[in-house]
Amino acid sequence: MSIVKKNIPIASLSAVAEILKTKPRTMRMYEERGLLPGGHEKEKKLYSLEEIDRIMLVHYLATHERINANGIRFILKLLDWGITQEAKEALFKEAQELIEKESMAEIKEGDL
C-alpha cells in the first residue's frame with residue numbers, strides 16, 4: 001500500500017508541460033481537443049499524479065507515435081474499457097521511459 005495518494009490534484013497545466021518538457025500551448029491544444037482528463041471545479045485546473053500519467057501517454061502518442069486526436073481518443077477509450085491497473089501502469093511507465101530516452105538524445109545532440 002502506497003502512502004502517496006495519486007488522485008489528489010496537485011499540478012497546474014503549465015507544471016505538467018514543464019514535466020513533459022513541452023510548451024503550455026501544447027497542453028492547451030490537447031485540452032481543446034478533449035484529450036486531457038476532465039478539469040476540476042476550481043479557478044485553476046490542477047491534475048493528479050494519475051491524470052499526469054494519462055497526459056504523459058497522450059503526449060507520447062501525439063508527439064512520438066504521431067497519432068491524431070481521434071486515434072488518441074479511441075486508445076484512451078480502450079484503456080477505460082477494461083485494461084487492468086497493472087497494465088495501465090506498465091503502459092504509462094513505458095511511455096515515460098521512451099519520452100525520457102528521446103529527451104536525453106535531444107540534449108546530447110544539442111551539445112555537439
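**View 1. Ile 10, an exposed residue.** At a relative accessibility of 51%, Ile 10 counts as exposed, because the cut-off for that class is over 50%. The model shown here and in the other views is predicted. Ile 10 belongs to the segment that comes before strand S1 (11-12).

**View 2. A nonpolar patch on the surface.** Ile 10 is also one of the residues of a nonpolar surface patch.

**View 3. Leu 20, a buried loop residue.** Leu 20 sits in the loop that links helix H1 (13-19) and helix H2 (24-32). Its relative accessible area is 6%, so Leu 20 counts as buried, the limit being under 20%. Apart from neighbours within four places in sequence, Leu 20 is in contact with Met 27, Ile 55, Met 56 and His 59. Between the C-alpha atoms of Leu 20 and Glu 100 the separation is 8.8 Å, although these residues are 80 residues apart along the chain.

**View 4. The largest nonpolar core.** This core has 25 residues. Val 16, Met 27, Tyr 30, Tyr 47, Ile 55, Leu 57 and Ile 72 have the most contacts inside it. Two or more residues each come from H1, H2, helix H3 (49-63), helix H4 (69-82) and helix H5 (85-111). H3 gives the largest share, 8 residues.

**View 5. Contacts of Val 16.** Val 16 is among the core residues with the most contacts inside the core. When residues up to four places away in sequence are not counted, Val 16 touches Ala 11, Met 27, Tyr 47, Ile 52 and Ile 55.

Notes:
Residues numbered from 1 in each chain as written. Predicted model: local features only at pLDDT ≥ 70, side-chain atom pairs only at ≥ 80, totals over all residues. Heavy atoms only, no water. Patch = residues over 30% accessible without salt bridge, like charges linked within 9 Å, V, L, I, M, F, W, Y side chains within 5 Å. Areas by Shrake-Rupley, 256 points an atom, 1.4 Å probe, with all protein chains shown as cover. Salt bridge = Lys/Arg side-chain N within 4 Å of Asp/Glu carboxyl O. Helix = DSSP H or I, 4+ residues; strand = E, 2+ residues; numbered from the N terminus. Buried < 20%, exposed > 50% of the residue type's maximum accessible area, 1.4 Å probe, protein only. Contact = heavy atoms within 4.5 Å. Core = buried A, V, L, I, M, F, W, Y, C linked by side-chain atoms within 4.5 Å.
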